[in-house]
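I opened a new page for this model today. My plan is to look things up one at a time and write down what I find.

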Amino acid sequence: MGKALAWSMLLLAGVLDVLWALAMKQAEGYTRLGWSLASFALLGAFVWLLGKSLSVLPIGTAYAVWTGIGAVGTVAAGAWLFGESLGAVRLLGIALVMAGIVVLKLAPG
């Protein structure tokens, strides 16, 4: 597998991580069967994609990028879907995480 495919798989794993978090919230403590099953399916999918990408990408960079995508995406989704606040400090935190993702992506190795 080439690096471009590995990065694509990692980005998709990050998006699925966000969807997994949203499905977990909708599962309401795993009391709603459909959302619970969706949560488990998304979990399996993103773990598989993350694992495949790690066969090519450095683990430190890949894991940091994946968690960053999940964190930023989940905060954004929480604000958009559930009305969670996005104050100045939270926006600064998101900006710092995003800057870290860009730096890690651009770093050699």
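**Entry 1: Ala-62**

I started with one residue and asked for its neighbours. Ala-62 touches Leu-10, Leu-54 and Leu-57, with residues up to four places away in sequence not counted. Contact here means heavy atoms within 4.5 Å. Before going on, I noted that this is a predicted model, where local features need pLDDT of at least 70, side-chain atom pairs count only at pLDDT 80 or more, and totals for chains, interfaces and linings use all residues. I also noted that residues are numbered from 1 along each chain as its sequence is written, and that side-chain values use heavy atoms, with hydrogens and water left out.

Where does Ala-62 sit? I found Ala-62 in helix α3. Helices are DSSP runs of H or I with at least four residues, strands are runs of E with at least two, and both are numbered from the N terminus. Is Ala-62 buried or exposed? Ala-62 counts as buried, because its relative accessibility is 0%. The cut-offs are under 20% relative accessible area for buried, over 50% for exposed, and partly exposed in between, with a 1.4 Å probe and protein chains only. I then checked a distance to Ile-101. Ala-62 and Ile-101 are 39 residues apart in sequence, and their C-alpha atoms are 9.5 Å apart in space.

**Entry 2: Thr-61**

Next I moved to Thr-61. Thr-61 also has its place in helix α3, which covers residues 59-82. Thr-61 is buried, because its relative accessible area is 16%. Leaving out residues up to four places away in sequence, Thr-61 touches Trp-7 and Leu-104.

**Entry 3: the whole chain**

I stepped back to see the chain. I counted 4 helices and 0 strands. From the N terminus on, the elements run α-α-α-α. The C-alpha atoms fill a box of roughly 45 × 35 × 15 Å, taken along the principal axes. The chain has 109 residues, and 31% of them count as buried. I looked at contacts between residues at least 6 apart in sequence, and 67% of these join residues at least 24 apart. The accessible surface comes to about 6400 Å², and 75% of that belongs to carbon and sulfur atoms. These areas come from the Shrake-Rupley method with a 1.4 Å probe; for residues, only the protein chains shown count as cover.

**Entry 4: α1 with α2**

I took the helix pairs in turn. Helix α1 (residues 3-27) and helix α2 (residues 33-53) have axes that come within 8 Å and cross at roughly 160°. So α1 is roughly antiparallel to α2. The residues of this contact divide into 20 nonpolar, 4 polar and 2 charged. Axes are lines fitted to C-alpha atoms, for helices over the stretch in contact, and angles run from 0 to 180 degrees between N-to-C directions. Angles under 35 degrees count as roughly parallel, over 145 as roughly antiparallel, 65 to 115 as roughly perpendicular, and the rest as oblique. Ala, Val, Leu, Ile, Met, Phe, Trp, Tyr, Cys and Pro count as nonpolar, Asp, Glu, Lys and Arg as charged, and the others, Gly among them, as polar.

**Entry 5: α3 with α4**

α3 and helix α4 (residues 88-106) pack at an angle of about 150°, with their axes 9 Å apart. They are therefore roughly antiparallel to each other. The contact includes Thr-61, Ala-64 and Val-65 of α3, and Ile-101 and Leu-104 of α4. I sorted the residues of this contact into 10 nonpolar, 2 polar and 1 charged.

**Entry 6: α1 with α3**

α1 and α3 pack at about 40°, and their axes are 8 Å apart. This pair is therefore oblique. The residues here divide into 15 nonpolar, 6 polar and 2 charged.

**Entry 7: the loop between α1 and α2**

Last, I checked backbone angles. Glu-28 is in the loop between α1 and α2. Glu-28 has a positive phi of about 50°, although it is not a glycine. Glu-28 counts as partly exposed, because its relative accessibility is 49%. Tyr-30 lies in the loop between α1 and α2 too. The phi of Tyr-30 is near 60°, a positive value in a residue other than glycine. Tyr-30 counts as partly exposed at 38% relative accessibility.
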